[in-house]
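Subject: Structure for your files

Hello,

Here is the structure for you to look over. My notes follow below it.

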Amino acid sequence: MPLTSTPDEPLPVRTISRAMGDWISRLGRVWVEGQVTEISRRPGLNTVFLTLRDPVADVSLRVTCPRAVCDAVGPGLVDGARVVVWGRPSFYPNRGTLALAVVEIRPLGAGALLARLERLKATLAAEGLFAASRKRRLPFLPAAVGLITGRASAAERDVIENARRRWPAVRVELREVAVQGPLAVTQILDALADLDADHTVEVIVIARGGGSLEDLLPFSDEALLRAVVAARTPVVSAIGHEQDTPLLDFVADVRASTPTDAAKRVVPDVAEQSALVEALRGRARRVLAHRLDLEGRRLADLRARPVLAAPLREVDRREQALDALRSRSLRCLTHAVDVAERDLVHAAARMRALSPAATLERGYALVQKADGTVIRAPAEVEAGDPLAVRVAGGTFAARAE
């Protein structure tokens, strides 16, 4: 039942401690997995103190166990070792501390570790963290290269020396961290966050030499993998040798087989680039010279054409053609007028020959009634009818008798 208290009747510390101990003891014994840190074997004590750390979250738990339990594990129980322990959570009222009282410790073998890594790999792959579509391209010539590696390590030397040999002006922002053991993940995460916040750093290389599966476990840590995915800056993984494949290789934007390979991928070779520039420059000169020669020949061909060699020759030819057409049109027009004139004379002659006026000129007359009707017989008129007589010289009036 819940405890009751008031400001006037507060509970003593021993009561609260006893109640907390009772509640915690009800949890019973549980199996717990973690990473061993801070092992303390005090001389003369049969109890060994150590800390069990969660490698994914920043959470740790104090552990106590009999010395015989630790000795049964053997030399494998060292800082950074992955273990599974069986114990009961216990609350110590005298010190007000919580600890896990362990009665059995089992080190995780390579097979178990590999199985756990495979499960984590499947989980991250299902989330799409390994997809090629989310990976970024490396810059051609980064202003600064961030390097996260062990202190005074061969990986540091390989990356820096090869990078400067390829491009002497390259600037390397070095962050030296622990690359194995319980502190490795935390230090790598801090270094990654620091370099990712620096906007002059355009690519980050995480490098270390080869090692055993346990040594490379920090580079398969879920927290580190998710931090690499969330980073703004492209990340290159250069862990171990060709055969080493920590999960960092799958989430990184580029996977390098070795630290030396990482330097070659991140920084271009100045000699190769100079040779490439010279080759491109020579190719450009050849293309430009060929184009100039081609255009020169085209220009010469154009200038050699008659229309450009003697521009007025075509004008003269056109002028002659125009004069010829003008003369031809004049002749045609004159001929047409002459023909029309002759036709007109002939038509006038025929008309005169057929005209009644010609008959009248020979002495004939044309007699018409008052209404203009031509009289062809004497019976067509009566005595006294007014008549009009038309002769060659004109018309005069008459009357029938």
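Counting pairs of cysteine sulfur atoms within 2.5 Å as disulfides, the total is zero. Cys70 is buried at 1% relative accessible area, while Cys332, at 46%, is partly exposed. Buried stands for under 20% relative accessible area, exposed for over 50%, and partly exposed for what lies in between (1.4 Å probe, protein chains only).

This is a predicted model: local features need pLDDT of at least 70 and side-chain atom pairs count only at pLDDT 80 or more, while totals for chains, interfaces and linings use all residues. Numbering runs from 1 along each chain as its sequence is written, and side-chain values use heavy atoms, leaving out hydrogens and water.

Helices (H or I, at least four residues) and strands (E, at least two) are DSSP runs, numbered from the N terminus.

Leaving aside residues up to four places away in sequence, Phe219 touches Ile188, Ile206, Leu248 and Arg208, among others; contact means heavy atoms within 4.5 Å.

Met20 is in helix H1 (residues 13–25) and is partly exposed, at 38% relative accessibility.

Regards
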